[in-house]
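Please walk me through this model.

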Amino acid sequence: MTNPGSFRHPRWRWSVAAATVATVLALAPGVAAAGPVTGPAPPAGRPVCDIRDDRLTELSGLVATDDGFVVVNDGADEESHRRIFFLDDRCRVVRTVRYPSRPRDTEDLAVGADGTIWVADTGDNDRARRTVALWRLPPGAARPVLHRLTYPDGAHDAEALLVDAAGRPVIVTKQGGSAGLYRPAAPLRAGGTVPLARVGQVRLPSTTTRNPYSFLGRRVVTGGASAPDGRRVVLRTYADAFEFDVADGDLVGALTTGRPRSIALPDEPQGESVSYSPDGRSLLTVSETANQPPGTWPRILRYALPPGPTPPARRTEPVPTGRSADRGAAGRAGDRAAAGPGSGDRAGHGGTASLVVGGVAVALALVALAMVGARGVRRRGGR
């Protein structure tokens, strides 16, 4: 759990901050704000099963298997929650795997083509971690192996993990607007630390899907998954999922240049997990329920995938590998198109005053984002 995201805070605190920023954006000239949803509401997910286990109320990672599911909690302040949990197809816990040392903030799960389970210990609400970690659990192993990693450009909060066709993990940061993509720059070493390289960024389209956290809930990446055949990949927010086509195993290229299909995930209490079904024909999600009324159990939901596929946009440049990737003219133009009217060239449509007021509004939004995520260091002694 992290900013708009780290909702260990009382829910009202987030609601007030989001409502304040939404009001400022609505009143500011030249700033586009999402209006009320019009037309028919998107369909809700179809229930699969409820997870009736008191240890599993802060679920942040989900993987579907041939005979059930694998899940992890985020944060896991309580010792009994610090496990990799294996469930059967009726959501009953059938096995747990302990970590050999204490994880700090486990936020997502991914599965490789060989069946290896990867756990992303990458949450960092306060942007204070010197290293983040991945736990790797090969099929049949009794304990996961720890791999530490360092970012090349300072600390990041991240809640999504993907594994590409070559078995390399890709971390997707949790940032409003555009998310950074990071991949190990050297082979992972058990118990050792290797650097990450920034390999690009992904910007998700704007939507109006209902969710508890308003417009910011539609802008931050909270989970990811790769299809069993490796030809598609999905990222999710608190409101929607976005599916990209992957050509020739180029996962990073798909995310940085592809045109995603959107799947609304409406009104999930705090959706941070997503997985493809084993046959790749649908998406599965599960939400945290820690802040819900007593007796509310996490429920795995199934969402139909939209018809497709849409061919990915043809790449004309190499995959970005550094900060310069954020500054290209093509990237800026793509960002403006994805963000919709009012997100760019405001001076041409409202003059200098609109540009200034719009900048103030965006700054206030970022301040509110930081306020919501700010809290003391919850866990000491972690990586």
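Predicted model: local features only at pLDDT ≥ 70, side-chain atom pairs only at ≥ 80, totals over all residues.

Two strands count as paired if DSSP finds at least two bridges between them.

Start with β3 and β4. Strand β3 covers residues 68–73 and strand β4 covers residues 83–88. The two run antiparallel, and 4 bridges join them. Within this pairing, Phe 69 stands opposite Leu 87 in β4.

Now widen the view. β3 and β4 belong to an open sheet of 4 strands. The order is β2-β3-β4-β5, and the pairing is antiparallel. β2 (59–65) and β5 (93–98) are the edge strands, each pairing on one side only. From one strand to the next, the twist averages 20 degrees.

Turn next to the aromatic rings. A pair of such rings is described by two things, the distance of the centres and the angle of the planes. The model has 3 aromatic pairs. One of them joins Tyr 151 and Tyr 182. Their centres are 4.9 Å apart, with 85 degrees between the planes, and the pair is edge-to-face.

Tyr 151 has 14% relative accessibility, so Tyr 151 counts as buried. Tyr 182 is at 0%, and therefore also buried.

Another pair brings together Tyr 213 and Tyr 238. The ring centres of Tyr 213 and Tyr 238 are 5.1 Å apart. Their planes meet at 70 degrees, so this pair is edge-to-face. Here, too, distant parts of the chain are linked. Tyr 213 is in the loop between β13 (193–203) and α2 (214–217). Tyr 238 is in the loop between β15 (232–236) and β16 (240–245), and 25 residues separate the two. Tyr 213 counts as buried because its relative accessibility is 1%. Tyr 238 is buried as well, with a relative accessible area of 1%.

Rolling a probe the size of a water molecule over the atoms shows where empty space is left. How many cavities of 30 Å³ or more does the structure hold? There are 2. Among the lining residues are Gln 175, Ser 178, Val 202, Leu 204, Arg 218 and Arg 219.

Key. Residues numbered from 1 in each chain as written. Heavy atoms only, no water. 1 Å grid on protein atoms, 1.4 Å probe; cavity = no way out; pocket = protein on both sides within 12 Å on 5 of 7 lines; lining within 4 Å. Points joined across faces, edges and corners; volume = space filled by probe spheres on them. Axes fitted to C-alpha atoms, helices over the stretch in contact; angles between N-to-C directions. Phe/Tyr/Trp six-rings, centres within 6.5 Å; stacked < 30°, edge-to-face > 60°. Buried < 20%, exposed > 50% of the residue type's maximum accessible area, 1.4 Å probe, protein only.
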